[in-house]
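Subject: Structure for you to look at

Hello,

Here is the structure I promised. Please open it alongside this email, and my notes follow below.

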Amino acid sequence: MERGCFPRYSWIDFFFSVIGVCTFLLDCGSDLWVAAEFYCRGDLSWFGVLVGLMVLSSVVVQMFSWFWFVYDRKLEGFGSQVGASTVLCGDRVLIFCLLHVLQLGFFCRHISAIRQGFRVWWRKEEGSEYAIYLTHDLSMLRLIETFCESAPQLILMMYVMLRTNQARVVQFVSVAASTTSIAWMVLDYHRSLRSFLPDKAQQGWGSSVVYFLWNLLLIGPRVAALALFSSVLPWLIAPHFLLLWLAFVLWAWQQQTNFMDSAGGEWLYRATVGLIWYFSWFNVAEGHTRVRSLIYHSFMTMDGCLLLVTWWCLRDAAQTEEYGLALIIALPLTYLLGLLFKAVYYCCFHPKLWRPPPVEEGVPHDRPDSQVTLRSFSIQDNSASTSILNRRMAHHAAHFY
């Protein structure tokens, strides 16, 4: 793929990088605020769960960031082209290792992306492809953080509302905003993968809206069903998660994923995929995508129905009289509507249906997903460029579609 065909880093990319680091800091601040409220009110169990989720999410994200840093340093030309003064502290491994131990590696990546983006967009320096390289890694890390922390925290928020039978308007708004944020992060990651596939059209607004809606309508009922189940059987939610998570990890292993560059990193990835699958579908391997998706959604539909039936049978009828019947009807219908939107997306908006015309004569116009062309990136710093492929994201993009 010629460099001219790759979209140049723009002010919009820089804007979203800045928004990303602001959102990260705001999320950390709000988490600490809620944890402090739990602690001051004496709700030590909820405080412990919230802090545990924050620590777990941070550790997982830092581990991914470190694995990728080690891999990037092995790429031919990475050190000479990037230099010690730019991204990821260059060759100063001990400094970057210390930042990860202090749980600051993710934040450092945000700052590096902003710095590189500023040099490219404002100062008009070289390195556009490298700035995009950084934003794609951040997109994946934000997705991991979303399902490791935001989704479980959303269940905890809804559980607290159900157990206390008290909910202010601001809490409803917070739950709706959190659910929307999760679906938006999935959409953001989906859009970032498109730039790796030159033979597939970029995602338009109509396609983005449909993709966002079906994720919102599937993730929302799933989180609500888990919260309802935990409100009547709180001691069973952990075994339920561990049982499904273990099954999902084994399923990811059976699909022979190949995302990371070491055995330990690959098992970390499979464990994270198992966590994501607990909430939402996430394609990780090539071939039989439709069959795997059908199996997954059939299983999740049955599991969701079992959770709702359990809650309905064990709920406090007097306490849930105002909303019980509405929830037991609305949640399954919302999930089915989400499946309908997903079917519409794959029938009308999937990237395979909207390929741009071939650039050269004789190039096949229609190729299977297993044979898509992967875009490569060149890292530039006022010198000759060295082509470097973000292999993990490029291969994942090919498998994702």
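Which helices each supply at least two residues of the lining of the second largest cavity? They are α8 (205-232) and α11 (289-314). Please keep in mind that this is a predicted model.

**The cavity**

The structure holds five cavities of 30 Å³ or more. The second largest cavity has a volume of about 70 Å³. Helix α8 gives the largest share of its lining, four residues. To find the spot, select Asn-215, Leu-218, Ile-219, Arg-222, Phe-279, Ser-280, Trp-281, Tyr-296, His-297, Met-300 and Tyr-335, which line this cavity. By class, the lining has seven nonpolar, three polar and one charged residues.

**α9 against α11**

Helix α11 also packs with α9 (237-254). The two axes are 14 Å apart, at an angle of about 175°. An angle over 145° counts as roughly antiparallel, so that is how α9 and α11 run relative to each other. From α9, the contact uses His-240, Leu-244, Phe-248 and Trp-251. From α11, the partners are Arg-292, Tyr-296, Phe-299, Met-300, Asp-303 and Leu-307. Seven residues of this contact are nonpolar, one is polar and two are charged. Note Tyr-296 and Met-300: both belong to the contact with α9, and both line the second largest cavity.

Next, the second largest pocket. Its volume is about 750 Å³. The pocket is lined by 24 residues, and those closest to its centre are Val-49, Leu-53, Pro-152, Ala-238 and Phe-241. The largest share, six residues, comes from α2. What is the make-up of the pocket lining by class? There are 21 nonpolar residues, three polar ones and no charged ones.

**α2 against α5**

Helix α2 (residues 44-73) also meets helix α5 (residues 105-121). Their axes come within 8 Å and cross at roughly 60°. The two helices are therefore oblique to each other. On the α2 side, the residues are Val-61, Gln-62, Ser-65, Trp-68 and Phe-69. On the α5 side, they are Gly-105, Phe-106 and Arg-109. This contact divides into four nonpolar, three polar and one charged.

**What the record says**

UniProt has an unreviewed entry that lists "transmembrane region" for residues 12-34, 46-71, 169-187, 208-229, 235-253, 265-282, 294-314 and 326-346. I looked at two of these spans in the model. Residues 46-71 are 100% helix and 0% strand, with the end C-alpha atoms 38 Å apart. Residues 326-346 are also 100% helix and 0% strand. There the end C-alpha atoms are 30 Å apart.

That is what I have for now.

Best wishes

Methods: Residues numbered from 1 in each chain as written. Predicted model: local features only at pLDDT ≥ 70, side-chain atom pairs only at ≥ 80, totals over all residues. Heavy atoms only, no water. Axes fitted to C-alpha atoms, helices over the stretch in contact; angles between N-to-C directions. Parallel < 35°, antiparallel > 145°, perpendicular 65-115°, else oblique. Contact = heavy atoms within 4.5 Å. Nonpolar A, V, L, I, M, F, W, Y, C, P; charged D, E, K, R; others polar. UniProt positions renumbered as here; feature names shortened; annotations may be inferred. 1 Å grid on protein atoms, 1.4 Å probe; cavity = no way out; pocket = protein on both sides within 12 Å on 5 of 7 lines; lining within 4 Å. Points joined across faces, edges and corners; volume = space filled by probe spheres on them.
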